[in-house]
Each structure stands twice: as structure tokens, then as C-alpha cells.
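Me: Can you take me through this model, starting with the ligand site?

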Amino acid sequence: MPSRIAQIRLVSGHPEVYEPCDDSFALVDALLADRKNLLEHQPVFCMEVGCGSGYVITSLAIMLKKEDNAASVSYFATDINPHAVRVTSETLKAHTVHAEVLCDNIASSGLETRLWGKVDVMVVNPPYVPTPEDEVGREGIASAWAGGENGRTVIDKILPVADKLLSKKGWLYMVTLAANNPSQICLFMKEKGYASRIIVRRSTEEESLHVIKFWRDPDLQVGEISTIGSL
Ligand SMILES: C[S@@+](CC[C@H](N)C(=O)[O-])C[C@H]1O[C@@H](n2cnc3c(N)ncnc32)[C@H](O)[C@@H]1O
């Protein structure tokens, strides 16, 4: 039976690019756990912000591939790191799936005009590690983890952009760390009209990860607790 996700042996690499790790696997596991819903959702545009090695966007493209190979979904992947752009393109090619891969800083993204309100599925494993603020946005591999105060600096830039890019039926899957205060992230998104649900929880000796799914909920009442499962 063909693999439903990217194969590690076919994932390309570079010393300055984040290798698939526990957080990448948690995000792909969350997508797999929600695969039936994703297929029923029939996304037209899917996007990964911060694609790194390309493991996640490639896995998403494989798991949504139609049996007749009809290319009905368009995929975009972006990363601030130009090495990641090349490595992601190689990983996609090695798995015979396609995405448009762009070097882009989500904090000053040129994609807002082009993809405004179009993205049906967005996936993000952001740099979430709490670090001194001056480490955020440095060149190369440091940009993969350096998240500034509470690990929230890049996350807080991604969320408003995600709100603009997501379509009316758009879903966002995001990895967060307990230290990022995920309840506060859910509250911020709730104020923008999104409900949320934890799809995957992972605890290691070093970190406690959640993969949270957000979707627009027109019935959401301000003050209502909408996240299913406690954070
Ligand atoms: C934790 S790594 C995740 C890589 C890959 N998605 C995975 O799960 O294995 C975070 C990625 O976000 C990228 N990144 C960091 N800041 C960014 C920004 N402002 N805009 C776009 N990408 C960014 C990094 O270069 C890195 O590749």
C-alpha cells in the first residue's frame, strides 16, 4: 500500500534547514487524524507557513491526493529561509507532488494580495521556543526555533495574516508549546470568530506540544469557552 505521508528517506536536507522532528511529526499526525474531514472539506488552496524541509506540505499533498491523480488542489509553501525553499522543492519532487514554494517573511508577506480569503487549509509549525527577542528572525537555522518572549513573537505575527488569508471555510492547524500560552492564542482567535480544538497532544521530557485546529464559527459567542479539551 502506498505511504499516506512523506517518507523520511526522501526528505531533502541542508545544515541550515530544520529537520523533521517531534513537532513536525505531531503536525502530520494531526492532519492524518483529521484526514477524513479534510477530504470532505474539499480544499482548493492549501498553504504551509515555514515549510522547512517540506515534510509537512508534502505529507498533506500525499494524503489529499485523489486516487485518479486529479490535481484539484493547489499547494503553496513559504519560508523565510531560502535554503528551506530549495529543500522543500526537492522533497516535493522526490514524492512526485507539486507546490509553489516561495521565499517569504510572513510578517511582511507579499502574499496577502494574492491569496486574501482564498486559503482553505493552512498548516504552521512556527518558531515557538522562548528566546531573547534579538534572536528572532536571524538568518538560517536559528529562524526555525527562535520565538522571542514566551515563544510568541512570530506566532503573533502569523495569526492576523492567517485570518486575512483564510477563506470563509478556512481551517488553520498550528503547533504550540505550553509556554506559548495556547489558551491566550485561542482567545485571540476567538475574538476574530474562530472556534478551536486540540487535535494532538504530545509531551516529552523537554516540551509539551499541542496541535490546535481553528475554524470560523459564525455561532461563536464572546465569553463562551470554545476550545474542546483543556490547555
Ligand atoms: C519549527 S520550523 C518547522 C519546519 C517544518 N514546517 C517542520 O515542521 O518540520 C519553523 C520554520 O519556520 C520558518 N520561519 C521562521 N520565521 C518565519 C517567518 N517570519 N516567515 C516565514 N517562515 C518563517 C523557519 O525558517 C523554519 O523553517
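The chat below covers the ligand site and then the aromatic pairs.

Me: What should I know about the model and the numbering?
Reply: This is a predicted model, where local features need pLDDT of at least 70, side-chain atom pairs count only at pLDDT 80 or more, and totals for chains, interfaces and linings use all residues. Residues are numbered from 1 along each chain as its sequence is written, and side-chain values use heavy atoms, with hydrogens and water left out.

Me: How many residues surround the ligand?
Reply: 18 residues do, counting a residue if one of its heavy atoms lies within 4 Å. The closest are Ser24, Glu48, Gly50, Asp79 and Asn105.

Me: How does that shell divide into nonpolar, polar and charged?
Reply: Eight are nonpolar, seven polar and three charged. Gly counts as polar here.

Me: How much of the ligand's accessible area does the protein cover?
Reply: 96% of the 590 Å² that the ligand has on its own, by the Shrake-Rupley method with a 1.4 Å probe.

Me: Switching topic, how many aromatic pairs are there?
Reply: Two, with ring centres required to lie within 6.5 Å. For Phe25 and Tyr55 the centres are 5.5 Å apart and the planes at 90°, so that pair is edge-to-face (planes over 60 degrees apart).

Me: Where do Phe25 and Tyr55 sit in the chain?
Reply: Phe25 is in helix α1 (residues 22–33) and Tyr55 in helix α3 (residues 55–63), 30 residues apart. Helices are DSSP runs (H or I) of at least four residues, numbered from the N terminus.

Terms used. Rings of Phe, Tyr and Trp (its six-membered ring) pair if their centres lie within 6.5 Å; planes under 30 degrees apart count as stacked, over 60 as edge-to-face and the rest as tilted. Helices (H or I, at least four residues) and strands (E, at least two) are DSSP runs, numbered from the N terminus.
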